[in-house]
Amino acid sequence: MSERIDVSIESKQPALPTDGKRHPNTCPRCDSHYRDDELQAALWVCAHCGHHFQMPARARVDHVADDGSWMEEAAEVRSDDPLGFFDLRPYAERLVEAELDTGLGEAIVVGQCAIGGHGCELAIMDFKFMGGSMGSAVGEKFSRACDSAVERGVPLVSVSASGGARMQEGILSLMQLPKTVAAVEDLRDAGSPFISVMTHPTTAGVLASFATLGDVTLAEPGALMLFAGPRVVQQTTREKLPDDFGLSESNLRLGHVDAVVARAELPFVLTRLLGLFANGA
Amino acid sequence: MAREAELRLRERLGKLRSMRLLGGTGLQGELERLERQLELMQAEPTAEEIWRSVKLARHEDRPYTLDYVGRLFEDFFELHGDRAQGDDAAIVAGLGRFGGRTAVVLGHQKGRDLKERTARNFGMAYPEGYRKAMRAMELADRHRFPVITLVDTPGAYPGVVAEEHGQGGAIAASQAAMLRLTVPTVACIIGEGGSGGAIAIAAADRVLMQENSIYSVISPEGCAAILWRDASQARKAAEAFKPDAAHCLELGVIDAIVPEPEGGAHTDPDEAARFLGEELREALEELEGIPGDELRRRRRARFRSLGVYA
């Protein structure tokens, strides 16, 4: 561990915000700066202070799924542009750009895998793809993941990272809330366990749908979990927000999640839980 | 799905028209209402008309849930509290007789004057409100009462205590509760169908929208602030995400549009209530006799089919 700290100090750049924004590889908590390969090797966790950076969906699959067990599903599903939405730029253009940036077809990746030898279905979101926002394609892929789990009689594990519903699809995005909730209800009726892992951030439409419906709900340290963002709450209420407002740790204290689990521990915690559920069947 | 609704409507219109030849005078109003509905279905609202709906949906004289309950339900008995934390006045729930039969009715309630508006938090519910709604829905399920929900909220309340009490989880749980019911459910958007706060009580077998109501994933102002970085661009945002009834019908999000009196529901609340009552009655009639587990299966399938993707 101390080795990693040295490396980080060596490569610690002032990372001066030229446009008011931090470099994505600079830790927002302690200012340590990392090269891409350093972050990747550390699972996107700051070696100095333990801050959890956002993790790409594919890297998350590699991290939690047993080697060679992953088989992606519904990879062909893409978003459409039902409203011909145009804000400062066309939605269609934003979609293409997001795919080029992330190498993902949508903000969620779903598929079959094994975790610690337990067969399961995995649904992992990626915040880099349009803020992990949920439109029709995300809803459809999540819904298919539920069906796949039901068909094979295995548990579903989801890892959420999302700012909420995707505005560019208007009311259809809102309909992805009851759509994913209905899929989880079908999963429940079929008796498949559902473990929901919330990562930074899991807010608004995703928090208000499938993410909070896990049989067991886990959260990564420091993840923001709010229905309304802190800025909206601040503006609406003009209240002083508690320091840990909406973070995993306060959500644990308030009874909204079952455990806060550090990223490195996640595969082991999932393995234990899946083992416990398997034993009851 | 809009096409299906149109076919159903045309069929009923056809029947009524032939009955008119037989000289039924009571059918005249019914015929006008259905013809108006068909007109609304075929309309392609302009940006101007969309914005007019936004303004009418928020009109301070617009009838609210209790205005309709008073006109459409007999012997209404209000239920209070979520049995855990408190009673949220932004959502009202109760038992009443609709068309002679006991039903559970619940909906968002805004206030008429400043004092009531504050007490009802402008129709923005806390998790307590959604938990009260769930309680009422589950009661309906136990006693085989149909559930009618009236939706009219700018959104769920974004406050510190609301978050600490689990706003996101309560909205999810309320949808889940609704998608588990085995009794007929009808929802109608009667003003603002504001995002998660609205869908929490709108996961119904039949979803209706009044002619001048709006249903959206975010408020026009919120959308403008995020995408245009300027809340005053609300009109442009509304034009882009199309929260009006005709577009919601076209996208299959709702099943029918409930006509309003010329000029909006507030110009003649009695007439507005009559139209709403007719549509609710019809929707419930369509659902009558369908076994509970089949209702639930179809309801879930309905929502699981929503979305457009490639």
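Before the first stop, one term is needed: the axis of a helix is here a line fitted to C-alpha atoms over the stretch in contact, and the angle between two axes runs from 0 to 180 degrees between their N-to-C directions. Please also keep in mind throughout that this is a predicted model.

**A pair of helices in chain B**

Select residues 220–228 of chain B, which form helix H10, together with residues 234–241 of chain B, which form helix H11; their axes come within 8 Å and cross at roughly 95 degrees. Because angles of 65 to 115 degrees count as roughly perpendicular, H10(B) and H11(B) are described as roughly perpendicular to each other. If you now show side chains, the contact on the side of H10(B) is made by B:Pro220, B:Glu221, B:Cys223, B:Ala224, B:Leu227 and B:Trp228, while H11(B) contributes B:Ala234, B:Arg235, B:Lys236, B:Ala237, B:Ala238 and B:Phe241. Coloured by class, the residues of this contact divide into nine nonpolar, no polar and three charged.

**One residue of helix H11**

Stay with helix H11 of chain B and select B:Ala240, which lies in it. Is B:Ala240 buried or exposed? B:Ala240 has 24 C-beta neighbours inside 10 Å, and therefore it counts as buried, since 20 or more are required for that label. Leaving aside residues up to four places away in sequence, B:Ala240 touches A:Leu83, A:Phe85, A:Phe86 and A:Asp87.

**The whole of chain B**

Along its principal axes, the C-alpha trace of chain B spans about 60 × 45 × 45 Å. A compact globule of 310 residues would have a radius of gyration near 19 Å, and chain B, with 19 Å, agrees with this. Buried residues make up 54% of the 310 residues in chain B.

**The two domains of chain B**

Colour residues 1–42 of chain B as domain 1 and residues 46–304 as domain 2. The centres of these two domains of chain B, taken over C-alpha atoms, are separated by 26 Å. Where they meet, eight residues of domain 1 of chain B are in contact with eleven residues of domain 2 of chain B. On the domain 1 side, helix H1 (2–20) and helix H2 (27–42) of chain B each supply at least two residues, and the largest share, five residues, comes from H2(B). By class, this side of domain 1 of chain B has five nonpolar, one polar and two charged residues.

**Where the chains meet**

For the last stop, show both chains and select the contact between them, which takes 52 residues from chain A and 43 residues from chain B. Which helix gives the largest share of the side of chain A that touches chain B? Among the helices of chain A that each supply at least two residues are H5 (136–152), H7 (176–189) and H9 (230–237), and the largest share, nine residues, comes from H7(A). Coloured by class, the side of chain A that touches chain B has 30 nonpolar, 14 polar and eight charged residues.

Definitions and conventions: Residues numbered from 1 in each chain as written. Chains lettered and ligands numbered in written order. Predicted model: local features only at pLDDT ≥ 70, side-chain atom pairs only at ≥ 80, totals over all residues. Contact = placed C-beta atoms within 7 Å. Helix = DSSP H or I, 4+ residues; strand = E, 2+ residues; numbered from the N terminus. Nonpolar A, V, L, I, M, F, W, Y, C, P; charged D, E, K, R; others polar. Rg over C-alpha atoms; globule rule 2.2 N^0.38 Å. Buried ≥ 20, exposed ≤ 12 C-beta atoms within 10 Å, placed from the backbone. Parallel < 35°, antiparallel > 145°, perpendicular 65-115°, else oblique. Domains from an automatic or database assignment.
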